[in-house]
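Open your viewer and get the selection tool ready. We'll go through this one stop at a time.

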Amino acid sequence: MSRTSKLITDEVAELAERSLKELGKAGAIARKLQAISSANKHGIKKVSEVYNISRTTLTAWINNFKDGSLIALSPKAKKPRSPITAEHRVIIKEWLEQEGRMTIEALRAKIEGFFNIKLKKSAVHNLIHSLGFSYITPRPKHYKQDSSKHEEFKKKSSRANQIQS
């Protein structure tokens with residue numbers, strides 16, 4: 001015979017059974033309530049094996065039910081998909097090919113104006129990378145830098161002489 005858990009009390013099990021009767025036997029919340037009420041009778045280990053879940057998951061369900069009622073057992077919202085369709089991606093790729101030096105902010109504004117879709121900077125950045133483009137910038141040059149002295153240094157440099165020979 002399995003051990004009863006100290007985690008789940010008779011009051012919690014009764015409350016789970018009453019909530020299950022009100023809710024019905026269909027849905028994700030009902031499945032969790034059934035597991036909670038069964039855990040009081042048969043133990044957490046056995047119920048987790050029958051429901052094919054880990055003991056920590058069942059324990060979390062019990063704790064969440066104790067703390068916040070049925071709302072705590074409801075499934076979490078899924079991450080929304082990108083509003084950019086395949087047709088949008090083709091047009092955006094053409095824009096990037098035509099204007100090679102387009103910034104993320106400029107592309108973001110163009111997408112919002114043309115498609116009426118608001119995207120964050122990170123979403124536009126990820127879109128650019130998924131289209132096969134990268135944001136490469138040259139190293140900055142100081143305004144006082146003399147390019148003739150730079151070329152002269154490269155010619156006289158010992159490393160440049162080693163490469164030439």
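What follows is a short tour, from the whole chain down to single residues.

**Before you click**

This is a predicted model, in which local features need pLDDT of at least 70 and side-chain atom pairs count only at pLDDT 80 or more, while totals for chains, interfaces and linings use all residues. Residues are numbered from 1 along each chain as its sequence is written, and side-chain values use heavy atoms, with hydrogens and water left out.

**Stop 1: the whole chain**

Show the cartoon of the protein chain: you get nine helices and zero strands. Those are DSSP runs, numbered from the N terminus (helices are H or I with at least four residues, strands are E with at least two). Of the 165 residues in the protein chain, 26% are buried; buried means under 20% relative accessible area, exposed over 50%, and partly exposed in between (1.4 Å probe, protein chains only).

Among contacts with a separation of 6 or more, 47% are between residues 24 or more positions apart. Contact means heavy atoms within 4.5 Å.

**Stop 2: α1 against α2**

Select residues 10-23, which are helix α1, along with α2: their axes come within 9 Å and cross at roughly 145°. Axes are lines fitted to C-alpha atoms, for helices over the stretch in contact, and angles run from 0 to 180 degrees between N-to-C directions. The crossing of α1 past α2 is left-handed (the near helix is turned anticlockwise from the far one by less than a right angle; clockwise would be right-handed). Side chains to display include Ala13, Ala16 and Leu20 of α1, and Leu33 and Ile36 of α2. By class, this contact has nine nonpolar, four polar and three charged residues. Here Ala, Val, Leu, Ile, Met, Phe, Trp, Tyr, Cys and Pro count as nonpolar, Asp, Glu, Lys and Arg as charged, and the others, Gly among them, as polar.

**Stop 3: α2 against α4**

From α4, Leu58, Trp61, Ile62 and Phe65 take part, and among their partners in α2 are Leu33 and Ile36. Eight nonpolar, no polar and two charged residues make up the contact of α2 with α4.

**Stop 4: Ser48**

Now pick Ser48, in helix α3 (residues 44-50). Is Ser48 buried or exposed? Its relative accessible area is 4%, so Ser48 is buried. Not counting residues up to four places away in sequence, Ser48 touches Ile53, Ser54, Arg55 and Leu58.

**Stop 5**

Select residues 86-98 (α5) and 104-115 (α6), which pack at about 135° with their axes 12 Å apart. The two are therefore oblique to each other, and α5 passes α6 in a right-handed crossing. The contact includes His88 and Trp95 of α5, and Phe114 and Phe115 of α6.

Finish on His88, which is buried at a relative accessible area of 17%. Leaving aside neighbours within four places in sequence, His88 is in contact with Pro83, Phe115 and Ile117. Try the distance tool: His88 and Phe115 are 8.0 Å apart, C-alpha to C-alpha, and 27 residues apart in sequence.

Definitions and conventions. Angles under 35 degrees count as roughly parallel, over 145 as roughly antiparallel, 65 to 115 as roughly perpendicular and the rest as oblique.
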